Amino acid sequence: MVTTFKVAVLGAQGVGKSAIVRQFLYNEFSEACAPTKTRRVYLPAVVMNGHVHDLQIMDFPPITSFPVNTLQEWADACCRGLRSVHAYILVYDICCFDSFEYIKTIRQQILETRVIGTTETPIIIVGNKRDLQRGRVIPRWNVSNLVKKTWKCGYIECSAKYNWHILLLFSELLKSVGCARCKHVHTAIRFQGALRRNRCTIM
Ligand SMILES: Nc1nc2c(ncn2[C@@H]2O[C@H](COP(=O)(O)OP(=O)(O)OP(=O)(O)O)[C@@H](O)[C@H]2O)c(=O)[nH]1
Ligand SMILES: [Mg+2]
């Protein structure tokens with residue numbers, strides 16, 4: 001049986017959303033700035049523990065606001081599919097205060113406008129560009145505390161540049177959406193093993 005998990009990657013401009021996705025899927029990183037103009041959808045298949053899991057990863061350009069209803073969602077091509085995903089990855093740049101404010105706003109809008117009955121959709125907050133941590137603008141402890149204790153969201157710091165914690169991010173993601181067959185063993189271990197053996201493939 002194949003299960004598809006849809007995930008949206010959101011964040012302010014230049015925080016590294018596309019870099020994270022591309023590092024995860026293709027093990028590549030570019031220093032060049034190539035802003036995402038339209039929503040990009042990736043469909044990797046991950047084999048874990050003998051089972052296939054389809055991921056639908058949607059890399060969005062920075063959105064001005066989270067669509068308040070289905071009509072708005074479909075009227076704006078950039079927002080399509082945003083309200084019906086299984087999980088959100090909200091990325092900020094640990095060196096950019098405004099990018100944290102951005103995800104704060106988007107998270108709030110997600111909570112206020114989600115479809116009734118889907119309020120449990122997991123949100124993972126990601127602090128990217130960890131390799132530049134000397135320029136960090138908010139102490140890690142403060143963010144982590146706020147995110148985990150108050151927002152009740154997952155928090156991970158990563159570096160798309162050095163492929164640090166990228167795999168962990170996606171394994172935590174699968175765990176958070178309740179990857180049905182990953183309950184007995186730590187998901188990250190299964191996931192890493194699965195990726196080593198099978199790699200991600202674009203279908
Ligand atoms: N040092 C460092 N630079 C990074 C990292 N991740 C991304 N970058 C750089 O940040 C810039 C923006 O990266 P993108 O992946 O295009 O960011 P984005 O969030 O997709 O940007 P938009 O599509 O414009 O919203 C690029 O120059 C990347 O090389 C990281 O972990 N460390
Ligand atoms: Mg992008």
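These are my notebook entries on a predicted model with two of its ligands.

**Entry: ground rules**

I number residues from 1 along each chain as its sequence is written, and I letter chains from A and number ligands from 1 in the order in which they are written. Since I work on a predicted model, local features need pLDDT of at least 70, side-chain atom pairs count only at pLDDT 80 or more, and totals for chains, interfaces and linings use all residues, while side-chain values use heavy atoms, with hydrogens and water left out.

Helices (H or I, at least four residues) and strands (E, at least two) are DSSP runs, numbered from the N terminus.

**Entry: helix α1**

How many of the 10 residues of α1 are buried? I read 7, so the helix is mostly covered. They are Lys17, Ala19, Ile20, Val21, Gln23, Phe24 and Leu25. After α1 comes Asn27, with a positive phi near 55°.

**Entry: ligand 1**

I listed 23 residues around ligand 1. Lys17, Ala19, Ser30, Glu31 and Asp131 come nearest. To be listed, a residue needs a heavy atom within 4 Å of the ligand. I then looked up polar contacts, meaning pairs of N or O atoms within 3.5 Å. Within protein, one atom must be able to donate a hydrogen and the other to accept it, and residues adjacent in sequence count only if both atoms are side-chain atoms. An oxygen atom of ligand 1 lies 2.8 Å from a polar backbone atom of Ala19. For a polar backbone atom of Gly14, the distance to a ligand oxygen is 3.0 Å. Lys129 uses an N or O atom of its side chain, 3.1 Å from an oxygen of the ligand.

**Entry: positive phi**

Most residues other than glycine have a negative phi. I noted Lys129, whose phi is positive, near 70°. Lys129 lies in the loop between β6 (123-128) and α4. Its relative accessible area is 23%, so Lys129 is partly exposed. Asn163 also has a positive phi, near 55°. I placed Asn163 in the loop between β7 and α5 (166-176).

**Entry: aromatic rings**

I counted 5 aromatic pairs in the structure. Rings of Phe, Tyr and Trp (its six-membered ring) pair if their centres lie within 6.5 Å; planes under 30 degrees apart are stacked, over 60 edge-to-face, and the rest tilted. Tyr92 and Phe100 have ring centres 4.9 Å apart and planes at 70°, so this pair is edge-to-face. Phe100 and Trp151 have centres 5.8 Å apart and planes at 5°, so this pair is stacked. Phe100 is in helix α3 (residues 97-113), while Trp151 is in the loop between α4 (140-150) and β7 (154-157), so the pair ties together parts 51 residues apart in sequence. Phe100 and Trp151 are both buried. Ring pairs join Tyr92, Phe100 and Trp151 into a cluster.

**Entry: the nonpolar core**

Which members of the largest nonpolar core touch the most other members? Among its 54 residues, I found Ile57, Tyr88 and Ile125. Strand β5 (residues 87-93) gives the largest share, 6 residues. Such a core is a set of buried Ala, Val, Leu, Ile, Met, Phe, Trp, Tyr and Cys residues joined through side-chain atoms within 4.5 Å.

**Entry: Arg136**

Arg136 lies in the loop between β6 and α4. At 18% relative accessibility, Arg136 counts as buried. A polar contact of 2.8 Å joins its side chain to that of Glu157.

Conventions:
Buried means under 20% relative accessible area, exposed over 50%, partly exposed in between (1.4 Å probe, protein chains only).
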